[in-house]
Amino acid sequence: MSEMTLRRAQVSDHGTIVECVREWWGDSRTPGQARELSMLLPRLFLQFFAGTSLVLEDRDGVKAFLVGFHAADNDHEAYIHFVGVAPELRGQGVGRRLYTAFFRRAAEAGRREVHAITSPLNTGSVAFHRAMGFMLEEGDREVNGLPVHGDYDGPGQHRVCFRRQIAVRP
């Protein structure tokens, strides 16, 4: 594997990231489901949050990405919206590298707390967030033994909500 470079995302990354989602999730979803998942990343995320989003690439192209942002309504929270890692790199610390970089940058901007969500059926994501030090937020119901916020993303779209404190850096 060649050396990977972490950089700030750019608006011009949008098409590539959308294609990565469709390709990388194609092994676990139908093409329609992978396309639907990619619609969670409209261009506006990179138009307005490129400065807080990250891309990890090597000479062959994008290998992982994290789309996240700092809350507009307060100066202490940040949110990780969507993360993707090429299937051949999963389990090798790539996601951890992205999250750690996001935490560091958020802390440098004075943020003290990072939030994220996932489906209660995505056991890998739940385990990853817990391993990264996220706490599960209380929900209004339970699914698969997890507290969830019912209908968080619409009817029947229950989500596990996570919160992690980070140390502010000057």
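Phe128 is partly exposed, with a relative accessible area of 26%; on this scale, buried means under 20%, exposed over 50%, and partly exposed in between, for a 1.4 Å probe and protein chains only. The model is a predicted one, in which local features need pLDDT of at least 70 and side-chain atom pairs count only at pLDDT 80 or more, while totals for chains, interfaces and linings use all residues. Residues are numbered from 1 along each chain as its sequence is written, and side-chain values use heavy atoms, with hydrogens and water left out.

Phe128 belongs to helix H5; helices (H or I, at least four residues) and strands (E, at least two) are DSSP runs numbered from the N terminus. Leaving aside residues up to four places away in sequence, Phe128 touches Gly95, Arg96 and Tyr99, where contact means heavy atoms within 4.5 Å. Between Phe128 and Ala9 there are 23 Å in space, C-alpha to C-alpha, and 119 residues in sequence.

Val94, by contrast, is buried, its relative accessible area being 6%. This residue lies in helix H4 and touches Met4, Leu56, Ala64, Val85 and Leu89, again not counting residues up to four places away in sequence. Val94 and His149 are 55 residues apart in sequence and 28 Å apart in space, C-alpha to C-alpha.

The domain assignment divides the protein chain into domain 1 (1-111) and domain 2 (115-169), with bounds that come from an automatic or database domain assignment. The contact takes 15 residues from domain 1 and 13 residues from domain 2. Taken over C-alpha atoms, the centres of the two domains are separated by 18 Å.

In soluble globular proteins, nonpolar side chains tend to be buried together. A nonpolar core is here a set of buried Ala, Val, Leu, Ile, Met, Phe, Trp, Tyr and Cys residues joined through side-chain atoms within 4.5 Å. The largest such core has 48 residues, and those with the most contacts inside it are Phe65, Ile80, Phe82, Phe102, Phe103, Val114 and Phe134. Helix H4 (residues 94-108) contributes the most to this core, with eight residues. Because domain 1 and domain 2 both give residues to this core, it lies between them. Phe65 has among its contacts Ile17, Trp24, Leu41, Phe82 and Leu98, not counting residues up to four places away in sequence.

Grid points are joined across faces, edges and corners, and a volume is the space filled by probe spheres set on the points. The largest pocket has a volume of about 1,400 Å³. Of the 38 residues that line it, Trp25, Arg29, Thr118, Asn122 and Ser125 are the closest to its centre. Strand E4 gives the most to this lining, with seven residues, and each domain supplies at least three residues.

The largest cavity has a volume of about 30 Å³. Its lining consists of His14, Ile17, Leu41, Pro42, Phe45, Leu46 and Val67. Helix H1 (14-24) and helix H3 (44-49) are the elements that give two or more residues to that lining.

Key
On a 1 Å grid over the protein atoms alone, a cavity is a set of points where a 1.4 Å probe fits but cannot get out, and a pocket is an open set with protein on both sides within 12 Å along at least five of seven lines; lining residues have an atom within 4 Å of a point.
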